[in-house]
Amino acid sequence: ERLHGRDLAELHRLAGRGTPAQVATLLRQGAAALGAAHRQGIVHRDIKPENVFLCPEGEGFRVRLLDFGLAKRVDGDRRLTQSGLIVGTPAWMAPEQVSGREVDERADVYSFAAVGYLALTGRGVTVESDLDKVFVDVVRNLPPPASDLVPGLPAEVDEGFHAALAKSPAARPRDVEAWAAA
């Protein structure tokens, strides 16, 4: 399929953050695509703004997730079969992925929430550019609540991002579609 539109990174550079309604649409549509992959036993492992493509459609847009080049099938116990290998883009990776530990769909939930956080607030979950500091931020530091950056957001938005961006995968939702719907 030949796509027409822009990836989220480029759109963010050109227009800044989206409205809460636009971001909600992005999250629901992107989560549907990611959830379909997860149901097939596939973990993307490289969700980032450059891999979220928005195609104009009517008065809105249609989300396409791109670049499954780092994707892996999960084994029967829902974990990737290889650990110790770091693949992906560190600023968008889950803490366990940055640490080279086994990942499952909850790593994609973290990365997708990080992309949604950027789309909503206008800043990433880390603002560091030095790779060592990015790793520390991803593994240890939580970003500010979204409502600190976008006044008027309900507490449920902060709670949703807090859960999806949890440092421990056990504290994160496993179902990206349920998370986005909430």
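This is a predicted model: local features need pLDDT of at least 70, side-chain atom pairs count only at pLDDT 80 or more; totals for chains, interfaces and linings use all residues.

Tutor: Residues are numbered from 1 along each chain as its sequence is written, and side-chain values use heavy atoms, with hydrogens and water left out.

Student: In what order do the strands form the open sheet?

Tutor: In general, strands of a sheet pair through backbone hydrogen bonds, either parallel or antiparallel. Helices (H or I, at least four residues) and strands (E, at least two) are DSSP runs numbered from the N terminus, and two strands pair if DSSP finds at least two bridges between them. Here 3 strands form an open sheet in the order β1-β3-β4, with antiparallel pairing. The edge strands, β1 (6-7) and β4, each pair on one side only.

Student: How many bridges join β1 to β3, and over how many do β3 and β4 pair?

Tutor: β1 and β3 are joined by 2 bridges; D7 has F53 in β3 as its bridge partner. β3 and β4 pair over 6 bridges. L54 stands opposite V63 in β4, and E57 stands opposite G60. These two strands, β3 and β4, form a hairpin with 2 residues between them, and G58 in the turn has a positive phi of about 60 degrees.

Student: Which residues have the most contacts inside the largest nonpolar core?

Tutor: A nonpolar core is a set of buried Ala, Val, Leu, Ile, Met, Phe, Trp, Tyr and Cys residues joined through side-chain atoms within 4.5 Å. Buried means under 20% relative accessible area, exposed over 50%, and partly exposed in between (1.4 Å probe, protein chains only). The largest such core has 40 residues, and those with the most contacts inside it are L26, V52, F112, F161, L165 and W179. Helix α4 gives the most to this core, with 11 residues. Contact means heavy atoms within 4.5 Å; among the residues that F112 touches are L26, I47 and W179.

Student: Is E96 buried or exposed?

Tutor: E96, in helix α3 (residues 95-98), is buried, with a relative accessible area of 1%. A polar contact is a pair of N or O atoms within 3.5 Å; within protein, one must be able to donate a hydrogen and the other to accept it, and residues adjacent in sequence count only if both atoms are side-chain atoms. The side chain of E96 makes such a contact with the side chain of R172 (2.7 Å). E96 also touches residues including R101, K167 and P169.

Key
Lists of a residue's contacts leave out its neighbours within four places in sequence.
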